[in-house]
Amino acid sequence: MHRKDWGGDMKIAVFFPGIGYHCDKPLLYYSGKIAGQLQYELCRVNYVNLSRSLEEAFTQALAQAEEILAQIDWSRYEDIVFVSKSIGTVVAAAYAGKHGISCRNVYYTPVAQTFEFDPQPGLVFHGTADSWVETAVVTTKCREHDLPLHVIDGVDHSLEQKDDTMRSLCILQKVMELTKSYIADI
């Protein structure tokens, strides 16, 4: 991670990927580009060798995040944004809670366990064809936690429309527009 003082308020965006959804995949790649253009310092938590079991993977990912983020002095930052995907949403919520970090969040396709960690304010994106969590669960939990939810009909856990690349690209553009608006609105 490279530290940059942009001459103004210190801002950091931390990216928590999923099990198979790394920071170079569209949602995290383009949200990282957006955060960088908005002059956020970027930190990408990249896990290695995660289990395919959700519980084991969470424990492993949280331990790796702890190690990767250990040197960050969170008090230096005026604005902290956690951008997370899938199991990364659980890791981000657990990490923020454990360390008392006040942050804003972009939750891409959170899994049900995310809501067990009292997630902080953020923007949530979910597809109705997500096989990892039911839409009713995400809708109910977002309402309980007062989290704005964007439900996209017919898209999967990657917010993509199976067999329709052009629709997937249109969805990605809309998701990135909403992400940019949220991140920029300090």
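Let's begin with helix H2, which covers residues 54-69: its 16 residues reach 22 Å from the first C-alpha to the last, close to the 22 Å expected at 1.5 Å a residue. Keep in mind as you look around that this is a predicted model.

Which residues of H2 are buried? They are Ala-57, Phe-58, Ala-61, Leu-62, Gln-64, Ala-65, Glu-66 and Leu-69.

Now step over to helix H1, residues 26-37, where you will find Ser-31. Ser-31 is buried, with a relative accessible area of 0%. Beyond its neighbours within four places in sequence, Ser-31 is in contact with Phe-15, Pro-26, Val-83, Tyr-108, Met-176 and Thr-179.

Zooming out, the chain holds five helices and six strands, and from the N terminus on they run β-α-β-α-β-α-β-β-α-β-α. The radius of gyration is 15 Å, close to the 16 Å that the globule rule gives for 186 residues, so the chain is as compact as a globular protein of that length. Its C-alpha atoms fill a box of roughly 45 × 35 × 30 Å along the principal axes.

Inside, buried residues account for 49% of the 186 residues. Of the contacts between residues at least 6 apart in sequence, 64% join residues at least 24 apart.

Technical notes:
Residues are numbered from 1 along each chain as its sequence is written. This is a predicted model: local features need pLDDT of at least 70, side-chain atom pairs count only at pLDDT 80 or more; totals for chains, interfaces and linings use all residues. Side-chain values use heavy atoms; hydrogens and water are left out. Helices (H or I, at least four residues) and strands (E, at least two) are DSSP runs, numbered from the N terminus. Buried means under 20% relative accessible area, exposed over 50%, partly exposed in between (1.4 Å probe, protein chains only). Contact means heavy atoms within 4.5 Å. The expected span of a helix is 1.5 Å times one less than its number of residues. The radius of gyration is taken over C-alpha atoms; the globule rule is 2.2 Å times the number of residues to the power 0.38.
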